[in-house]
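Open the structure in your viewer and keep the sequence panel beside it. This tour says what to select at each stop and what is found there.

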Amino acid sequence: MTSNGKPKVAFFDFACCEGCQLTVVDSLQTHLDLLEAVEIVQFREAISDRGEDYQIAFIEGSCTRQADEERLRKIRAQASVVVALGACAHTACVNALKNLHPLEDVRRWVYGDQAEWYDTYEARPISAVIEVDAIIPGCPIDREEFIRVVKALLLGKKPPLPDYPVCVECKLKENVCMFHIGKFCMGPVTRAGCGAICPTYGDGCEGCRGFIPAPNENAMKDVLADAGLTVEAIMARFTMFNTYLVSARKADGEERR
Amino acid sequence: MTTLNVNVHYVTRVEGHGDIVVDVKNGQIKECRFEVVEAPRFFEAFVRGRPYYELSHITSRICGDSAITSRF
Ligand code: SF4
Ligand code: SF4
Ligand code: SF4
């Protein structure tokens, strides 16, 4: 805590696009009161300060190399609360698409002769390396959810994380289901919290918020097949944002967040 | 004569991690480097074998600040 009793907050990024941090900046513009309640000591994308004394750490991005593990552990050792900010940190997001290919090929395709200059291994969520106290899913995060999570943390409560699917929010919005207009949607197995924004704007959910607990993968595959998708196209729907989760579920046969 | 040693351990307020190293001795630049130290993500590999309709949705995740241009 600072001398004025405000919790000190820091933002960190690993392999990611920094779109979630940008969404944070965006949300704070309309919630200036939150800025009064905390002291931001480090936020490379937005400020020049780099304080190392903080209690709440928001971590964006995936762990994709050895050096990331050390940095993650250092942050964990300092922070009393660690929040995974966005899909890259939560599920490894599109970063895990490279896990579908042999790593030597991945490096060679992109960097050719210089492949060995670039250190990398399979992309993983930060929870594969350190304990995570709260999650803000999504690619990018939902700005209102970010505010809700921060408020809960400031009140000392566990931030809410919806365990029901996007379909619930979609129905509450009274949207016409994408499957009724010849489109495809991952809403039935995807964690809600975004207000079903994609179907609301006419596009099927791509699953960026990760799966609900115990998703019925087979039923989802049947629905997509009945709607006309090939086996390859169905797998593509599952792996676009969730390669890591699909492989992890396959590996240990149990549901993961 | 100027002697200068600049070592910016990551530039702030931008997307991406970059360090700046400048070494000037007696008015002469000995070293001037911009180091891109962030983790490579391998987008060219991400898009291999994916359906065409996914591509712009994947590449828009190259950079959150310029998602629209990254799409193309
Ligand atoms: S989750 Fe998406 S928006 Fe957020 S940093 Fe990762 S790629 Fe960018
Ligand atoms: S459009 Fe998608 S999220 Fe909405 S009800 Fe249909 S399947 Fe569910
Ligand atoms: S509708 Fe699906 S793809 Fe769209 S933001 Fe929500 S979880 Fe992500």
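Helices and strands here are DSSP runs, a helix having at least four residues and a strand at least two, and they are numbered from the N terminus. The model is a predicted one.

**Stop 1: A:Phe11**

Select A:Phe11, which lies in strand β1 of chain A, residues 8-13. Is this residue buried or exposed? The cut-off for buried is under 20% relative accessible area. A:Phe11 has a relative accessibility of 4%, so it counts as buried.

Next, show what surrounds A:Phe11. Apart from neighbours within four places in sequence, its contacts are A:Gln21, A:Val24, A:Ile40, A:Gln42, A:Phe43, A:Arg44, A:Phe58, A:Leu85 and A:Phe146. Keep A:Val24 and A:Phe146 selected, as both come back at the next stop.

A:Phe11 and A:Ala214 are 203 residues apart in sequence, and their C-alpha atoms are 31 Å apart in space.

**Stop 2: two helices of chain A**

Two packed helices are described by the angle between their axes and the distance between the axes. Select residues 19-30 of chain A, helix α1, together with residues 143-154, helix α6. The angle between them is about 75°, and the axes are 9 Å apart. Angles of 65 to 115 degrees count as roughly perpendicular, and α1(A) and α6(A) are therefore roughly perpendicular to each other.

Which residues meet where the two helices pack? From α1(A) come A:Thr23, A:Val24, A:Asp26, A:Ser27 and A:Leu28, and from α6(A) come A:Arg143, A:Phe146 and A:Ile147. Sorted by class, this contact of α1(A) with α6(A) has 4 nonpolar, 2 polar and 2 charged residues.

Now move to A:Pro140, in the loop between β5 (134-136) and α6 of chain A. Look at the peptide bond that joins A:Cys139 to A:Pro140: this bond is cis, with omega near -5°.

**Stop 3: the two domains of chain A**

Colour residues 8-154 of chain A as domain 1 and residues 166-251 as domain 2. The centres of these two domains of chain A, taken over C-alpha atoms, are 24 Å apart. Their contact takes 19 residues from domain 1 of chain A and 13 residues from domain 2 of chain A.

**Stop 4**

Select A:Cys93, in the loop between α4 (87-91) and α5 (103-111) of chain A. A:Cys93 is not a glycine, yet its phi is positive, at about 45°. With a relative accessibility of 0%, A:Cys93 counts as buried.

How many residues apart along the chain are A:Asn242 and A:Cys93? The separation along the chain is 149 residues, while the C-alpha atoms of the two are separated by 6.2 Å. A:Asn242 is buried as well, with a relative accessible area of 0%. Leaving out neighbours within four places in sequence, A:Asn242 is in contact with A:Thr91, A:Gly207, A:Gly210 and A:Phe211.

Then go to A:Ala196, in the loop between α7 (166-172) and α8 (197-200) of chain A. A:Ala196 also has a positive phi without being a glycine, here near 50°. A:Ala196 counts as buried at 1% relative accessibility.

**Stop 5: chain B**

Chain B has 3 helices and 3 strands, in the order β-β-β-α-α-α from the N terminus on. Its radius of gyration is 18 Å, well over the 11 Å that the globule rule gives for 72 residues, so chain B is more spread out than a compact globule. Along the principal axes, the C-alpha atoms of chain B fill a box of roughly 60 × 20 × 15 Å.

Colour residues 1-38 of chain B as domain 1 and residues 40-72 as domain 2. The centres of these domains of chain B are 30 Å apart, taken over C-alpha atoms. Of the 72 residues in chain B, 39% are buried.

**Stop 6: B:His17**

B:His17 is buried, with a relative accessible area of 15%. Not counting residues up to four places away in sequence, B:His17 touches A:Asp13, A:Glu18, A:Arg44 and A:Arg71 in chain A, and B:Glu35, B:Val36, B:Val37 and B:Glu38 in chain B. A:Arg44 is also one of the contacts of A:Phe11, where the tour began.

Notes
Residues numbered from 1 in each chain as written. Chains lettered and ligands numbered in written order. Predicted model: local features only at pLDDT ≥ 70, side-chain atom pairs only at ≥ 80, totals over all residues. Heavy atoms only, no water. Axes fitted to C-alpha atoms, helices over the stretch in contact; angles between N-to-C directions. Parallel < 35°, antiparallel > 145°, perpendicular 65-115°, else oblique. Contact = heavy atoms within 4.5 Å. Nonpolar A, V, L, I, M, F, W, Y, C, P; charged D, E, K, R; others polar. Domains from an automatic or database assignment. Rg over C-alpha atoms; globule rule 2.2 N^0.38 Å. Buried < 20%, exposed > 50% of the residue type's maximum accessible area, 1.4 Å probe, protein only.
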